[in-house]
Amino acid sequence: MAAAVNYRAMLGRLGFTQDAQAFISDAQRGGFDTLASLDVLVSGDPTGGNFVKSMRRPGGDSSNGVLVSFRAETNFKSLLFFLRHKKRTNRTVVIGDITLANITALAMRQEKEVEDKANFVTPENPKFDPDDWAQSAENVLDFVSKHPGVTGIPLSYVLRDTLRVKAEADDPAFGRVDSEYASMEEEMISRASILSSTAVATMTDAELEDVGPFTDIFLMDSAKVYDLLTTLFGDKEYYTYIRNAGKKKNAINGRKAWFALFKHFVGPNFLEHIQTTSEATLRSLKYMGEGRKFNYEQFVTAQKREHHRLENLERHGGRKLTESEKLRYFKQGLQHSALENIKIFIANDAACRASYDKSVDAVKEFIRNQMQAVPSALRVASVGVENHASSLTADEVAECDMWMKQEDWDKKPFAEKKRIFELRKKLRNERKKNGVAPNPTLKKAEAKVKNEKKKSRGLKKQNESLKRRISAMSRVTAKEEDVSDDDDSV
């Protein structure tokens, strides 16, 4: 009796009149005398619009209806969404939870889901790089999460790591001070049901992954995820992992398909391949100076990209680099002779020895100061290093290897150009004598100048030939005119 009284009091808080409360609770008319009974409306009439209409005009006859205010109708709609949200996040609800403050707190969420559904635009396909699986997996999960499931939950819940949902008592809801969720979406993804309530609690996760049983909603959402994965990877060579795992015995399981692909890319052999490839890339990265196509910022960015790739794989069984390993590759990559002093400083400074980022900043500051003091000190385009005994100073070598715009070169005095030409000739002979490859940028520039000169000579010859032909044609024309004049005189 007390439960019925509390239930009708709850309806009164929503704004229903006594007659409306009686209509809703009456077994012959409304038939909804408990919160649990409202589950039929939550699933079949989520806005409650049809039910309210039947209250006002039962059987189409308004004479037997009851008065339902707009306020009561709006609050009833909010109540149904509140119950729906609690159900999809596996939260229990009691009569005491039904307050206007609680149900209207989800009003904006309700409007957003309706608006998103009406204006849904298929997101762009994510970037997928097999050599950076961890980041690519995040991109795919983000793509899938932008598609809502049957109940409005982001479809990425289908691909979460855990099958089971945490006990409600140990998992505070979003909005609570002690909650682990940063958003409502996170809570929905984490607490959405995958397994049916009939699943055997004593079975292992591996067994449950194979046989379930799963909820009907999950099976519908999982089939949609399978279609999304097929769209993304249907033309890739590794699609076979998705097809073989996700489509069996007329059942489509996007979750199985995803983890089959996942297992392929994070298997021991693949992880070792990524580790080896990343470290090889780090060994190959060289900073030779501030060039047109590669500078210090790009050198550091390229190194950090490999660090990030390995860090992403750590939770899948990979190994990230230690700070000392990062610093070793960093110092090995600083190949310009003008950086020897800062490399010694890094090796002796405690803060730099402990932090890759501090070492990066220290070198960046050093380069900035050097460029201000001697602009040509680090502005080189060479991909090699001076590893032979040269009679030229480091600044003279840098000056020889420095790329320069044509307009800047043209501004130099003739004597300065001659001096640089002599230095370059001397350096080229020394390198040749010591078996060092010439500066490729300079060599390319010289070849370009040589070709331009060759073209110029060719054009000059063509021009002279055309002049001779024009002159010859002019003489022939003049003779013809003279003969014509003689004929006229006769």
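## Basis of the description

Helices (H or I, at least four residues) and strands (E, at least two) are taken here as DSSP runs, numbered from the N terminus. By that reading, tyrosine 296 and phenylalanine 299 both lie in helix H15 (residues 296-313), where they stand three residues apart, about one turn of the helix.

The structure is a predicted model, in which local features need pLDDT of at least 70 and side-chain atom pairs count only at pLDDT 80 or more, while totals for chains, interfaces and linings use all residues. Residues are numbered from 1 along each chain as its sequence is written, and side-chain values use heavy atoms, with hydrogens and water left out.

## The chain as a whole

The protein chain holds 23 helices and two strands. Of its 490 residues, 37% are buried, a term that stands for under 20% relative accessible area, with exposed meaning over 50% and partly exposed in between (1.4 Å probe, protein chains only). The chain exposes about 29200 Å², of which carbon and sulfur atoms supply 54%; accessible areas come from the Shrake-Rupley method with a 1.4 Å probe, and for residues only the protein chains shown count as cover.

Among contacts (heavy atoms within 4.5 Å) between residues at least 6 apart in sequence, 64% join residues at least 24 apart.

## Aromatic pairs

Rings of Phe, Tyr and Trp (its six-membered ring) pair if their centres lie within 6.5 Å, and planes under 30 degrees apart count as stacked, over 60 as edge-to-face and the rest as tilted. By this rule there are 14 aromatic pairs. One of them is the edge-to-face pair of phenylalanine 16 and phenylalanine 76, at 5.6 Å centre to centre with 80° between the planes. Because phenylalanine 16 lies in the loop between helix H1 (2-14) and H2, and phenylalanine 76 in helix H5 (residues 70-88), the pair ties together parts that are 60 residues apart in sequence. Phenylalanine 16 is buried, with a relative accessible area of 4%, and phenylalanine 76 is buried too, at 0%.

Tyrosine 296 and phenylalanine 299 form a tilted pair, 6.3 Å centre to centre and 40° between the planes, and both residues are buried. Ring pairs also link Phe16, Phe23, Phe32, Phe51 and Phe76 into a cluster.

## Serine 37 and its loop

Serine 37 sits in the loop between helix H2 (18-25) and helix H3 (39-44), and it counts as buried because its relative accessibility is 17%. Two polar contacts (pairs of N or O atoms within 3.5 Å; within protein, one must be able to donate a hydrogen and the other to accept it, and residues adjacent in sequence count only if both atoms are side-chain atoms) involve its side chain: the backbone nitrogen of aspartate 33 is reached at 3.3 Å, and the backbone oxygen of threonine 34 lies 2.5 Å from a polar atom of the serine 37 side chain. Not counting residues up to four places away in sequence, serine 37 touches Gly31 and Phe32.

## Arginine 255 in helix H13

Arginine 255 is found in helix H13 (residues 254-265) and, at 1% relative accessibility, counts as buried. Leaving out residues up to four places away in sequence, arginine 255 touches residues including Asp161, Glu209, Phe218 and Ser222.
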